[in-house]
Amino acid sequence: MDAVHPRVLGYLGRALSLELTAVQQYMTQASLVGLWGDEASAERFREETVEEMQHAERIVQHMLQLGVAPAASQLQQVGHAPDLVGLLELNAELEQQLIDHYDEASRFCLVIHDEANGAFFQALLEDEQNHSRDLEAWLLQLGGRRRRGYALYATNADRRDRRSRATF
C-alpha cells in the first residue's frame, strides 16, 4: 500500500467530523419538527440523516482501507431556529461547508496526483451538491431564504437614529 499524504488523511478526518455533525443536526431537527407536529418534514430530515450517515460510513470504510483508524475530531453544535425555514437555512450553510471541503480536498488530490482519493472526494462532492440543490428547492417551496442582512442593518440603523436624536 502506498503512503497516503498526511493532508489527505486530514481531509478525511475533517470530512468525517462534518458528516457526523450533519447526522446529529438532521436527527435533532427530525425530532424537533416532529414535536411541532410537522411529520412530513420530520420524515425528510430522517431521510437526510440516513444519507449523511451513509456518507460517514463510506468515509470510515475508506479510512480503514487506507490503514487509518477513523476519528472525528470535533462535531459542531446543532444550530437552532424558530421555524422550518430557519432550520433549512442552517442546513444549507452546513451543506456549503461540506461542498467547500470536498472541493478543496479533491483539488488537492489533483495537485498531488492522488487519483484514487481525488475520485473518492469528488463522488462525495457531487452527492453534497445534489443535496444542496434539494435543500434550496425545499426553501423555495417555502418562500425562499430570508434577508437577514437587511433586517440587521435596519435594526442597527434604527438604534443609531434614536441615539442621534437623544443627543440633540
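Ile99 is placed in helix H3, which spans residues 84-111; helices here are DSSP runs of H or I with at least four residues, and strands are runs of E with at least two, numbered from the N terminus. The model is a predicted one, in which local features need pLDDT of at least 70, side-chain atom pairs count only at pLDDT 80 or more, and totals for chains, interfaces and linings use all residues. Residues are numbered from 1 along each chain as its sequence is written, and side-chain values use heavy atoms, with hydrogens and water left out.

Ile99 counts as buried because its relative accessibility is 11%. Buried means under 20% relative accessible area, exposed means over 50%, and partly exposed lies in between (1.4 Å probe, protein chains only). Leaving aside residues up to four places away in sequence, Ile99 touches Leu125, Glu128, Gln129 and Ser132, a contact being heavy atoms within 4.5 Å.

The structure holds 6 aromatic pairs. Rings of Phe, Tyr and Trp (its six-membered ring) pair if their centres lie within 6.5 Å; planes under 30 degrees apart count as stacked, over 60 as edge-to-face and the rest as tilted. Two of the pairs involve Tyr11, as tabulated here.

| Pair | Centre to centre | Angle between planes | Class |
|---|---|---|---|
| Tyr11 and Phe108 | 5.8 Å | 50 degrees | tilted |
| Tyr11 and Phe121 | 6.2 Å | 75 degrees | edge-to-face |

The pair of Tyr11 and Phe108 links helix H1 (residues 6-35) with helix H3 across 97 residues, and both residues are buried. The pair of Tyr11 and Phe121 links helix H1 with helix H4 (residues 115-141) across 110 residues; these two residues are likewise both buried. Ring pairs join Tyr11, Tyr102, Phe108, Phe120 and Phe121 into a cluster.

Ser41 belongs to helix H2 (residues 39-65) and, at 5% relative accessibility, counts as buried. The side chain of Ser41 makes a polar contact of 2.7 Å with that of Asp38. A polar contact is a pair of N or O atoms within 3.5 Å; within protein, one must be able to donate a hydrogen and the other to accept it, and residues adjacent in sequence count only if both atoms are side-chain atoms. Beyond four places in sequence, Ser41 touches Val33, Leu84 and Trp138.

The chain as a whole has 5 helices and 0 strands. Buried residues form 39% of its 168 residues.
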